[in-house]
Amino acid sequence: MQIKSKYIQNWGKIDSSKVHDDSKIPLIHIIGYVGAGKSTFIRKYLSKFPSFDIKDIYQKNFFNPKDLKNDPEKYLQFQSALDFSFSQFYKNLEIYKIPVGIVESSGINRALNNILRRFYVYRIWIIPFDLNDKIKQSKINKERPYSENLNNHLMKKFEKNEVPFNNQYNFIEGSFMKDLPTIFEEYF
C-alpha cells in the first residue's frame with residue numbers, strides 16, 4: 001500500500017484506515033541505547049520543540065520495565081497511561097500548531113511503537129559516544145538499574161536488524177549517516 005504523504009514511515013505496513021486525516025504533524029523519534037546521548041541530541045538540536053520521553057511514564061507512574069514483563073495487569077495499566085499521555089502530547093502539538101514533535105525511547109517498546117504507527121514518524125538511531133566505556137556504563141547502570149539488561153537486549157535486536165530506523169546520528173563525527181528529508185533539514 002502506498003502512503004499518500006511526503007513523510008517517511010518505515011515501521012511495518014501502514015494501514016491507511018488507522019492514519020487519521022488530522023495526524024499531519026510529523027514526529028521525530030530519537031532512539032538508541034540507554035546512555036547513548038538521546039537527551040543530549042534533543043537538547044542540542046531540538047530543544048525548542050516539545051518532547052515525549054517514555055521514561056517519564058515509567059517514573060511518574062512507578063512502573064518498572066522488568067515488572068511489566070511478568071504482570072499483564074500492570075502492563076495494561078502502563079499501556080493505558082502511555083496511550084493517555086501520548087494523546088495529550090499530540091493534542092498539544094495540534095492546539096499550539098507546533099510543526100514537529102519529538103519522541104524519545106529505546107525504539108523497541110512495543111506499546112509505544114504501536115501508538116506511533118498511526119502517525120508520520122522519522123526515526124533517528126543515536127550512535128553512542130562509546131559503549132565500551134566501563135566507567136560511564138557503571139554510572140548509567142547505577143542510575144538506571146534496568147539499563148544493562150535493556151542495552152544487552154537492544155544490542156542483540158540491533159545486530160539482527162530488528163530495530164527499524166530511517167537514519168543514524170554519529171556523535172563522534174557530529175553528523176548523520178545520510179541526508180535528511182527536506183522537511184527536517186531546517187531543524188539540524
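Phe 41, Tyr 45, Tyr 169, Phe 171, Phe 176 and Phe 188 form one aromatic cluster. Rings of Phe, Tyr and Trp (its six-membered ring) pair if their centres lie within 6.5 Å; planes under 30 degrees apart count as stacked, over 60 as edge-to-face and the rest as tilted. By this rule there are 25 aromatic pairs.

This is a predicted model: local features need pLDDT of at least 70, side-chain atom pairs count only at pLDDT 80 or more, and totals for chains, interfaces and linings use all residues. Residues are numbered from 1 along each chain as its sequence is written, and side-chain values use heavy atoms, with hydrogens and water left out.

- Phe 176 lies in strand β6 (residues 175-176), and Phe 188 in the segment after α8 (182-185), 12 residues apart.
- Helices (H or I, at least four residues) and strands (E, at least two) are DSSP runs, numbered from the N terminus.
- Phe 176 counts as buried, at 18% relative accessibility.
- Phe 188 is partly exposed, at 26% relative accessible area.
- Buried means under 20% relative accessible area, exposed over 50%, partly exposed in between (1.4 Å probe, protein chains only).

**Helix α4**
- The 24 residues of α4 should span 34 Å at 1.5 Å a residue, and its end C-alpha atoms are 34 Å apart, which agrees.
- The expected span is 1.5 Å times one less than the number of residues.
- Buried residues in α4 are Phe 78, Ala 81, Leu 82, Phe 86, Phe 89, Tyr 90 and Leu 93.
- The buried residues of α4 pack against β1 (27-31), β2 (51-53), α2, α3, β3 and α5.
- Just after α4, Lys 97 takes a positive phi of about 50 degrees.

**Whole chain**
- The chain has eight helices and six strands.
- Their order along the sequence is β-α-β-α-α-α-β-α-β-α-α-β-β-α.
- Of the 188 residues, 44% count as buried.
- Among contacts (heavy atoms within 4.5 Å) in the chain with a separation of 6 or more, 78% come from residues 24 or more positions apart.
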